[in-house]
Amino acid sequence: MVRTPLEREIRRLIEVAGPMPVARYMSLCLTHPQHGYYVTRDPFGVNGDFTTSPEISQIFGELLGLWAMSVWRMLGEPDVVRLIELGPGRGTMMSDALRVTRMLPKFQSALSVHLVEVSPTMEKAQREILSDVELPIAWHRDLIEVPEGPAIILANEYLDALPVHQVVKQATGWHERVIGLDADGEFTLGVTAEPVPHFDRLLPKSIKSAPDGAIFEWRDDLPALDIGRRVVKDGAALVIDYGHTQSDVGETLQAMKAHEFVHPLSEPGLIDLTAHVDFQRLAQAAENVGAAVQGPVTQGRFLTALGIDARAERLRMNATFEQAQDIDAAVARLTETGSVGMGELFKVMAICDPKLGPLPGLVSE
Ligand code: SAH
């Protein structure tokens, strides 16, 4: 194990307070105010650790800009609308989305932009890429800080970065998975002696009856409840992420460095940690506060329904041969099924005001 400054700090926390839940470990690794992964670096692109859809093609953000314009119309063209992005990374998606909104001046004049970001490093990158945008833009640490009123929320690969708890089924119940220290002082995974009280009360039957040893991952519902509350009246949120449509057992916590999978406990603070999104649980939380849910549909279907092929065709008309090949490759990567494509693993779900009809792209499968 590499001794990083964060590794030393976590080891000390464990020595003092005992084994640490996986969720707390993940949270410290990603967003520790001094050593957190997102706080200290820009992880995107060829020289970084991973790539996301908006970094693959400008078409992704452009289609989301069109989506936002349609939703604004469906909301009855309110005079003031907040376009909110959660975890905007480099700001590429917002930049591409705002470019297409220029064709609808009435929408633009209603628009203010709100970026919810914890990392000062990412915020700096966002300020740079959006420096030529002539719209009011505000940064927030939490969605709750964004002023009230009609809202359109976009979140791509945001929820997968939020901390995930793991519980392990045993004869005595579900036990929280924790990180402790072995005899040599190295991190080691274990479980708490006592089960989590009443943990399976709200679990679906299929998970309750999982065999001993099964791992179930869950996230704090608060972000989902906050999104639901924010859009339940005059709003819509679009959540795009990799994950499963039905809650299920299985471990999906994964770590990446330089586009390769690495062990999640190696190099704390220097690697990306994520886990799949449980869309069923997300939907339940949003519905719990009165919001409606549409989808999830696969990213491939969503982008196709929004017209990715026609948009690519337009771009190809002004492209060199090499550029045209790049456009084709990008569209394929965003929409294709299978292990390399992002079209099937990635899902798109809307959480919205129940008065809204079917939103663009969320055609049922
Ligand atoms: N949406 C972007 C970036 C995804 S990476 C894209 O698709 O390229 C996750 C983003 O969420 C980063 O900007 C990261 O700094 C931010 N982030 C991570 N944890 C967060 C939290 N708890 N609150 C707000 N933003 C967070």
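Ala, Val, Leu, Ile, Met, Phe, Trp, Tyr, Cys and Pro count here as nonpolar, Asp, Glu, Lys and Arg as charged, and the others, Gly among them, as polar. The model is predicted, local features need pLDDT of at least 70, side-chain atom pairs count only at pLDDT 80 or more, and totals for chains, interfaces and linings use all residues. Residues are numbered from 1 along each chain as its sequence is written, and side-chain values use heavy atoms, with hydrogens and water left out.

**View 1. The shell around the ligand.** The ligand is surrounded by 17 residues, a residue being near if one of its heavy atoms lies within 4 Å of the molecule. The closest are T52, G87, G89, E117 and N156. By class, the shell has 8 nonpolar, 6 polar and 3 charged residues.

View 2. A polar contact is a pair of N or O atoms within 3.5 Å. The protein buries 93% of the 580 Å² that the ligand exposes when taken alone (Shrake-Rupley method, 1.4 Å probe).

**View 3. S109 in helix α7.** Helix α7 covers residues 105-110 (a DSSP run of H or I, at least four residues, numbered from the N terminus). S109 counts as exposed because its relative accessibility is 63%, the cut-off being over 50% with a 1.4 Å probe and protein chains only. A polar atom of the S109 side chain lies 3.1 Å from the backbone oxygen of K106.

Terms used:
Helix = DSSP H or I, 4+ residues; strand = E, 2+ residues; numbered from the N terminus. Buried < 20%, exposed > 50% of the residue type's maximum accessible area, 1.4 Å probe, protein only. Polar contact = N/O pair within 3.5 Å; in protein donor to acceptor, adjacent residues only side chain to side chain.
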